[in-house]
Amino acid sequence: MIYPYKDIYPKIADSAFIADYVTITGDVEIGEESSVFFNTSIRGDVAPTKIGRRVNIQDNSVLHQSPNNPLILEDEVTVGHQVILHSCIIRKRALIGMGSIILDQAEIGEGAFIGAGSLVPQGKKIPPNTLAFGRPAKVIRELTDEDRKDMTRIYNEYVEKGQYYKSLQKK
């Protein structure tokens with residue numbers, strides 16, 4: 001379901017895939033070839049949410065904000081199943097592992113990988129091209145070429161998967 005909030009309607013690119021049972025409200029922008037999978041909630045009723053191109057947000061995720069603190073996902077980001085993102089910044093090509101929570105004003109650097117089940121506390125900065133894991137998340141190591149290749153494979157597969165599901169909606 002797509003709802004306005006106080007006369008502000010979500011702006012969703014025509015090429016984006018929005019699955020059934022997704023709720024998107026208010027000041028939300030979703031870029032080209034992005035995908036939002038089943039049972040996800042994206043509420044733009046407190047501050048803006050900006051989602052770039054070729055981003056995938058997997059099943060059962062929750063995206064929201066605090067006052068005057070937008071939520072920003074740059075291009076080619078992967079958000080795993082059951083992730084909570086709240087008023088944070090996720091830079092290009094980052095991957096947020098399943099079940100992770102990223103809190104207000106945290107920033108995940110370009111190409112960083114947040115391991116499954118991690119908690120990135122308010123205001124924490126994760127450097128680019130690193131693996132961070134834990135509760136609270138701590139940087140474990142620099143990413144390898146193999147890690148980056150796998151992350152690229154994942155977001156490309158989700159672009160393809162989203163476009164496949166999108167084609168089924170047109171029938």
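**Salt bridges in the predicted model**

Asp150 and Arg153 form a salt bridge (a side-chain nitrogen of Lys or Arg within 4 Å of a carboxyl oxygen of Asp or Glu), with their closest N and O atoms 2.7 Å apart. The structure is a predicted model, in which local features need pLDDT of at least 70 and side-chain atom pairs count only at pLDDT 80 or more, while totals for chains, interfaces and linings use all residues. Residues are numbered from 1 along each chain as its sequence is written, and side-chain values use heavy atoms, with hydrogens and water left out.

Both Asp150 and Arg153 belong to helix H1 (residues 145-169), where three residues, about one turn of the helix, separate them; helices (H or I, at least four residues) and strands (E, at least two) are DSSP runs, numbered from the N terminus. Asp150 is partly exposed at 34% relative accessible area, as is Arg153 at 38%; buried denotes under 20%, exposed over 50%, and partly exposed the range in between (1.4 Å probe, protein chains only).

In total, 13 salt bridges are present. A network of these links Glu33, Arg54, Glu76, Arg93 and Glu110. Within it, Glu76 pairs with Arg93 at a closest N to O separation of 3.4 Å. Glu76 is buried, at 18% relative accessible area, whereas Arg93 is partly exposed at 34%.

Arg93 also forms a salt bridge with Glu110 (3.1 Å, N to O). Glu110, in the loop between strands E15 (107-108) and E16 (113-114), is likewise 17 residues from Arg93, and is partly exposed at 38% relative accessibility.
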